[in-house]
Amino acid sequence: MTAVDFGRVAGGYARHRAGFPDAFFHRLLAAGHVTPGDRVLDLGTGTGTLARGLARRGCRVTGLDRSAALLAEARRLDGEAGDVRVRYVEGLAEDTGLPEAAFDAVTAGQCWHWFDRPRAAREARRVLRPAGRLVIAHFDSLPLPGSVMEATARLISGHNPGWRLGGTAGLHPEWLTDMATSGFEGIETFSFDVTVRYGHDAWRGRVRASAGVGASLPPDAVARFDAELAALLAAEFPDEPLDIPHRAWAAVGIAPPR
């Protein structure tokens, strides 16, 4: 696939990408995977949606990302929220530069596939205290037959043939192997489905901010794609709001004793 740079779409990403729903955080805390007061490192934090949600629930969060533009949006959104405090650090998930055994939990939301996964898993284990948790999470729109997402994914593939991320079922069993081979124990998963509502303009903005469009295509190609998406929505999905099925999924592993 063409090189992806989410910094190019940081503003649109912050405005239009749906963050993890409240029910996701409820399940994390109810199961004890993360607890108020925990020191949490959020890898690939992007615009801070996962970091902010955890900070609001009493965690002491450090958000790490390689993109200065995304971190700037995260800080801006935190300022607008006014009720959270997250420490943001520019760096790599595979080599954070942070102290050993410094965190009670490491999270990675919507980003694990962008990392050198074995190295990121080893680094997560290094910065976790014994019995700390690694939480790899996704919140994916589902390309169900006849759905807006299926039609959108087909359009993206036509404009960007190298894009390979459109057929997800929102389940990522390969991440369990990453955990197991890095020594994590007690691995478990959970998932649930929700519907997210978008207007036409918001859906177009959300798709423009995706890896397959604005983060990888040149501006003129993005404009052509967006015009075709607008026409597709008007012709095939004219009613607003659009109900977009999503699946929240997480894998949780426990760091072993040192």
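Mentor: Six bridges join strand E4 (residues 103–109) to E5, and the two run parallel; strands pair if DSSP finds at least two bridges between them. Strands (E, at least two residues) and helices (H or I, at least four) are DSSP runs, numbered from the N terminus. This is a predicted model in which local features need pLDDT of at least 70, side-chain atom pairs count only at pLDDT 80 or more, and totals for chains, interfaces and linings use all residues. Residues are numbered from 1 along each chain as its sequence is written, and side-chain values use heavy atoms, with hydrogens and water left out.

Trainee: Which residue in E5 stands opposite Ala-105?

Mentor: Arg-133 does.

Trainee: And which strand pairs with E5 in the antiparallel sense?

Mentor: Strand E7 (residues 242–254) does, over nine bridges. Within E7, Gly-253 is the bridge partner of Leu-134.

Trainee: Why is E5 largely enclosed?

Mentor: Ten of the 14 residues of E5 (residues 128–141) are buried, so the rest of the structure largely encloses this strand. Buried means under 20% relative accessible area, exposed over 50%, and partly exposed in between (1.4 Å probe, protein chains only).

Trainee: Turning to helix H3, how many of its residues are buried?

Mentor: Six of the eight residues of H3 (residues 49–56) are buried, among them Leu-50, Arg-52 and Leu-54.

Trainee: What do those buried residues pack against?

Mentor: Their partners include helix H2 (22–30), strand E1 (39–43), helix H4 (68–81) and E4; contact means heavy atoms within 4.5 Å.

Trainee: What comes just after H3?

Mentor: Gly-58, which takes a positive phi of about 95°.
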